[in-house]
Amino acid sequence: MSGAAPPHAVASDPGVREAVAQAKAWYWQRISAMVLAACVVLHLCIMIWAVRGGLSAAEILGRTQGNVLFAAFYAVFVLACAVHVPIGLAAIAREWWRWSPAAAQWFARAVTATLLVLGLRAVWGVYAPGA
Amino acid sequence: MSQGLKVRIWRGSGDDGRFVEYEVPRQDSQTVLDVVTHVQRVLDPTLAYRFACRVGMCGSCAMTVNGQARWTCRTHVARVVGAGGLLEIAPLANLPVVKDLATDMSAFFDKWARARGRFQGTQTRRDDFARVSPDTPQRRAANAGIECIGCGVCYGSCDVVQWRPDFLGPAALNRAWTLVNDVRDTERTERLRAVAGDAGCHSCHTQGTCTERCPKGIAPTIAIAGLKRTVARAAVKGEL
Amino acid sequence: MRRNDHRAHGHPSWWAFWLHRVSGLLLALFLPLHFLVLGQALSGPASLEGFLRFTDAPLVKLAEWGLVTLLALHLTGGTRLLLIEFGRASDLRKNWIAVGIGLSVAIGLAFALALLG
């Protein structure tokens, strides 16, 4: 009769370790989601307030240059994005675009790197004292 | 009723097949199972389909009616018939088709076993009864899911099953959750390992079609959410 | 085997999933561009200012409103998911879908008013 119970899985089985890694990825995506929820609410408030009467570089930089609090907030924001976005995109790649697990994983890493580099560069760009 | 039904029924096996149209007289209080039975007995004896109790207890008659998985014995034609008396009947999705409306459910039950959807205890008949209070949150969570009869409607409705062939599916995971909450069970760690990861609970995207369609009113989505929490907690603590 | 089509998807919880996924995808595509633009400040404020003047175009303002609405939708839909997954929900919480959409529309409106004001 097919469907007999599978043999006992031990923690060191590659299958189990992979499943545990995926469970942790899920967990980190949810934790980063909670961080992002807070960041996004704040960011929306700031944007709605800042965008009144038009936006200019001088206005933005006037607020952000030399402001450690702003820089720290947006650095955390970038880090949370770098965790949250790749995991979601990898799921889309596997399920909708039918990519292999390996391709999806490389894609996720590429997205992480891109977001970290571009994001932290942007944070530095608006924080660093101007020329 | 004067107007007849135009019934398109899937005929074929494996991946080959097509819809064939039949004219079926319409009657009062007619169920979709009545329609299929009429076709097989009167119009085309080669039609293959499954049923057993025909009173909504066994789940054998599950099919796709107008694109949605249902128990055909509990689906009144009047509720689902389209304009012009149109009815479309196909086998359950996400399962190999044996013939016409009958699917091969081995994969469904194999996944049940892979999710460790069976009870494992230590007591024997010589021991006293286990005392389990019905009021604890755990027992309530288990009770919410134990009425599942394995009909396959949820499995046939789930997009993630379609997108990820390894995905254990709502029924298997729901069963695993009832056992995770069973205080008498001794296979907790094994079971959490079995339902973890992309083939397990963590691929569920809370689409909720399973919960929408379950004829027993079970919410596999919520059971799976419980598994996600429990597994992640155990994984982070290093218990897996 | 047979596959499900759109008729299997016609219920609120599924639409909430689809909206959450598509909004996330579009935001993910937008994010690197957003970072690139802000990083322009490294070349001096004039460079950033140049780009911001480009964003004065009405079509761009419309896109900005769209992005803010997508962000709000993704946030509210995601909050519903977090509550289902970590909370004690016993069903699909479809009422939260309605609340989420309502809130997103309100946020989008607030942003639009700020843009126009």
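User: What counts as buried, exposed or partly exposed?

Analyst: The scale is relative accessible area, taken with a 1.4 Å probe on protein chains only. Over 50% is exposed and under 20% is buried. What lies in between is partly exposed.

User: Is A:Val35 buried, exposed or partly exposed?

Analyst: This is a predicted model in which local features need pLDDT of at least 70, side-chain atom pairs count only at pLDDT 80 or more, and totals for chains, interfaces and linings use all residues. Residues are numbered from 1 along each chain as its sequence is written, and side-chain values use heavy atoms, without hydrogens and water. A:Val35 has a relative accessible area of 31%, so the residue is partly exposed.

User: Which residues does A:Val35 contact, leaving aside neighbours within four places in sequence?

Analyst: Contact means heavy atoms within 4.5 Å. With those neighbours set aside, A:Val35 touches A:Val76 and A:Ala80.

User: How much area do chain C and chain B bury between them?

Analyst: Buried area is the accessible area (1.4 Å probe) that two parts lose on being put together, summed over both. Carbon and sulfur atoms carry 50% of it here. The total for chain C and chain B is about 2500 Å².

User: Which residue of chain B meets C:Glu85 in a salt bridge?

Analyst: A salt bridge puts a side-chain nitrogen of Lys or Arg within 4 Å of a carboxyl oxygen of Asp or Glu. Chain C and chain B have three salt bridges between them. For C:Glu85 the N to O distance is 2.6 Å, and the partner is B:Lys228.

Notes. Chains are lettered from A and ligands numbered from 1 in the order in which they are written.
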